[in-house]
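Please consult the sequence and the structure shown here.

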Amino acid sequence: LLAPKVMEIYGIDHAPIVSEIVEKRSDIRRNEVYQIGSAENLQLPDNYSDIMLFIASFHHIPDDAMTAALNEIVRVSRNGGHVLILEPVSEQGTYSDLIAKIEDERDILKKTEAMIDSLNPVIYQRESESFYYIQRSSSDYRLVIESYISDKVKRNQIWSGIQMEYAEESLDPDSIQFKSLCRVVILRINK
């Protein structure tokens, strides 16, 4: 969606499966570059980015790497650049219940929320904060299972459990939509 509107777009993820997904896409534009990497060591020049997006990824930055990641955001962002952080919010009865079957993220999500709220407002000036529900599909969930569970037997057990759970409710698990509550914070970087 962004690629036609910008000069360059870099997608960086620590999960090798993302590269596999990108390789299968036929609609990649010339200005799109995808890399395996980490937020604490961005392979981009100083003052390079007008906007950085963290889509459901900020809470995956390890505690011991968070300071380095925040320093990288400032280093790579242009003065006055923006950072958009979209993070899931744990709420009973939503997609987060499914994620908890893989990994219980409730504590780390609360910790990440508190960390974002405690950022130095002089450097990380908050411009807005909103909450949204996003529709997630069963294929989204399968992708998460494949990305984070390397043991094929365990992946199949988790998916089979979901299928049985929804079959009891006479629902087709492959067509189910899940709501996911997300918090979106937009920060302006001031250097």
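Q: How many cavities of 30 Å³ or more does the structure hold?
A: A cavity is, on a 1 Å grid over the protein atoms alone, a set of points where a 1.4 Å probe fits but cannot get out. Grid points are joined across faces, edges and corners, and a volume is the space filled by probe spheres set on the points. By that rule, the number of cavities of 30 Å³ or more is one.

The model is predicted: local features need pLDDT of at least 70 and side-chain atom pairs pLDDT 80 or more, while totals for chains, interfaces and linings use all residues. Residues are numbered from 1 along each chain as its sequence is written, and side-chain values use heavy atoms, with hydrogens and water left out.

Q: Which elements give two or more residues to the lining of the largest cavity?
A: The space in this cavity is about 40 Å³. Its lining residues (an atom within 4 Å of a point) include Ser96, Ile99, Arg106 and Leu109. Helices (H or I, at least four residues) and strands (E, at least two) are DSSP runs, numbered from the N terminus. The elements that supply two or more lining residues are α3 and α4.

Q: How many charged residues are in the lining of the largest cavity?
A: Asp, Glu, Lys and Arg count as charged; Ala, Val, Leu, Ile, Met, Phe, Trp, Tyr, Cys and Pro as nonpolar; and the others, Gly among them, as polar. The lining has three nonpolar and two polar residues, and its charged residues number four.

Q: Against which elements do the buried residues of α2 pack?
A: Met66, Ala69, Leu70, Glu72, Ile73, Val74 and Val76 are the buried residues of this helix. Contact means heavy atoms within 4.5 Å. The partners of these buried residues are β3, β4, α4, β5 (124–137) and β6.

Q: What is the angle between the planes of Phe54 and Phe58?
A: Rings of Phe, Tyr and Trp (its six-membered ring) pair if their centres lie within 6.5 Å; planes under 30 degrees apart count as stacked, over 60 as edge-to-face and the rest as tilted. Phe54 is buried at 9% relative accessible area, and Phe58 is buried at 0%. Their pair is edge-to-face, with 5.1 Å centre to centre and a plane angle of 85 degrees.

Q: How many residues apart in sequence are the parts that the pair of Tyr95 and Phe178 ties together?
A: Both Tyr95 and Phe178 are buried. Their rings form a tilted pair, 6.1 Å centre to centre with 50 degrees between the planes. Tyr95 lies in α3 (residues 95–99) and Phe178 in β6, so the sequence separation of the parts tied together is 83 residues.

Technical notes. Buried < 20%, exposed > 50% of the residue type's maximum accessible area, 1.4 Å probe, protein only. 1 Å grid on protein atoms, 1.4 Å probe; cavity = no way out; pocket = protein on both sides within 12 Å on 5 of 7 lines; lining within 4 Å.
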